[in-house]
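Here are my notes on this model, point by point. Please read them with the structure open.

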Amino acid sequence: MSLAFIRFSRTTGFAILLAGATVADAQSNSNPSTLADETLDQLLNTPVVTVSKRQQRLSKVPAAVYVITKEEIHRSGAASIPEILRLAPGVQVARINATQWAVSIRGFNGLWSNKLLVMIDGRTIYSEIFSGVDWEMQDVVREDIERIEVVRGPGSSIWGANAVNGVINIVTKRAADTSGTTLAVSAGNLERFRATAQYGGAFGRTSFRVYSKVRDESLPGTGGFNLPDTHRQAIAGFRIDSNLSARDKLTVQGDGYVGRTHDPEIVPVTLPSFLPETSDI
């Protein structure tokens with residue numbers, strides 16, 4: 001027997017990054033329309049920066065690395081980062097409810113797992129509360145993702161804390177590569193509504209983009225309970241890239257979000273055991 005109740009929470013947050021580009025945003029020499037158009041040599045020359053903090057060819061990296069390209073992301077139709085990570089072999093992704101995800105590599109998976117280092121453009125995004133990732137808060141615009149590098153195996157000698165079972169680095173496009181206006185809208189029975197509006201431009205040697213994004217997700221009830229399991233979130237942010245000189249570059253990023261969640265939490269109830277009556281003979 002089990003009982004259930006509805007937990008209501010409201011989350012708000014703000015994050016900002018000021019850094020002088022320490023991770024290279026390398027571009028491949030060719031830009032084919034699909035992976036099928038690439039030659040084997042081009043696939044092996046896919047740039048990777050996560051393993052050693054410098055650009056290397058995928059074929060020369062001494063580690064178990066998988067690169068999720070922007071073409072794969074576009075074809076998959078995945079709407080969130082955890083869903084995109086399902087494309088990488090060896091990554092365990094489980095959805096707990098409309099809000100929460102469990103993502104890990106090489107086991108130890110769970111809601112509070114913290115043995116995986118996740119970064120966006122080389123910046124760690126773990127929560128200071130439990131050293132893991134609040135996946136519901138990491139809502140990067142899908143069209144802005146250049147590639148996702150997944151390294152399976154320990155990486156603490158390079159990256160330090162959390163890189164026990166693996167490292168995931170989400171590399172986004174430079175502001176100069178997202179000039180113009182972008183509008184994206186999707187709807188469905190689970191992801192009820194998602195809309196993104198973005199504008200990019202440049203002035204002098206500085207490029208920028210600003211964006212806003214809203215989403216409304218819902219999952220059906222399980223275990224015979226028809227309980228609301230929804231998540232609504234609005235996020236807005238910007239990125240500015242400036243070429244200070246031939247060698248020095250400056251990147252400024254900021255994101256702010258507000259969300260509201262209704263998620264059911266099933267609480268098991270342990271009933272006392274009843275022993276059959278016995279009589280002494």
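1. Terms and source. A cavity here is a set of points, on a 1 Å grid over the protein atoms alone, where a 1.4 Å probe fits but cannot get out; lining residues have an atom within 4 Å of a point. This is a predicted model, in which local features need pLDDT of at least 70 and side-chain atom pairs count only at pLDDT 80 or more, while totals for chains, interfaces and linings use all residues. Residues are numbered from 1 along each chain as its sequence is written, and side-chain values use heavy atoms, with hydrogens and water left out.

2. The largest cavity. Its lining is made of Trp101, Ala102, Val103, Gly110, Leu111, Ser113, Asn114, Leu116, Val118, Gly132, Val133 and Trp135. The volume of this largest cavity is about 90 Å³. Volume means the space filled by probe spheres set on the grid points, which are joined across faces, edges and corners. Strands β6 and β7 each supply at least two lining residues. β6 gives the most, with 3 residues. Strands are DSSP runs of E of at least two residues, helices are runs of H or I of at least four, and both are numbered from the N terminus. By class, the lining has 8 nonpolar, 4 polar and no charged residues. For this count Ala, Val, Leu, Ile, Met, Phe, Trp, Tyr, Cys and Pro are nonpolar, Asp, Glu, Lys and Arg are charged, and the others, Gly among them, are polar.

3. The second largest cavity. Its volume is about 60 Å³. It is lined by 14 residues, and Ser80, Trp101, Glu136, Arg215 and Glu217 are the closest to its centre. Helix α3 and strand β13 (206-218) are the elements that give two or more residues to this lining. The class count is 5 nonpolar, 4 polar and 5 charged residues. In total, the structure holds 3 cavities of 30 Å³ or more.

4. The overall fold. The protein has 4 helices and 15 strands. Of its 281 residues, 43% count as buried. Buried means under 20% relative accessible area, exposed means over 50%, and partly exposed is in between (1.4 Å probe, protein chains only). Among contacts between residues at least 6 apart in sequence, 59% join residues at least 24 apart. A contact means heavy atoms within 4.5 Å.

5. The nonpolar cores. A nonpolar core is a set of buried Ala, Val, Leu, Ile, Met, Phe, Trp, Tyr and Cys residues joined through side-chain atoms within 4.5 Å. Which members of the largest one touch the most other members? Of its 24 residues, they are Leu85, Val91, Val103, Trp135, Ile148, Val150 and Ile168. α3 (81-85), β5 (91-95), β6 (101-105), β7 (116-120), β9 (145-152) and β10 (166-172) each supply at least two residues of this core. Apart from it lies another core, of 9 residues, including Val67, Leu117, Met119 and Val151.

6. Helix α3 from the inside. Leu85 lies in this helix. It is buried, because its relative accessible area is 0%. Beyond four places in sequence, Leu85 touches Ile68, Val91, Val93, Val103, Trp135, Ile148, Val150 and Ile168. The C-alpha atoms of Leu85 and Val150 are 8.6 Å apart, though 65 residues separate them along the chain. Pro82 is also in α3. With 1% relative accessibility, Pro82 counts as buried. Its contacts, leaving aside neighbours within four places, are Val93, Trp101, Val103 and Trp135.

7. Two positive phi angles. Phe108 is not a glycine, yet its phi is positive, about 60°. Where is Phe108 found? It sits in the loop between β6 and β7. Phe108 is exposed, with a relative accessible area of 64%. Asp121, also not a glycine, has a positive phi of about 55°. Asp121 is placed in the loop between β7 and β8 (123-124).

8. Arg152. This residue lies in strand β9. At 24% relative accessible area, Arg152 is partly exposed. Not counting residues up to four places away, Arg152 touches Ala64, Tyr66, Pro89, Gly90, Ile105, Arg106 and Asn165.

Technical notes:
On a 1 Å grid over the protein atoms alone, a cavity is a set of points where a 1.4 Å probe fits but cannot get out, and a pocket is an open set with protein on both sides within 12 Å along at least five of seven lines; lining residues have an atom within 4 Å of a point.
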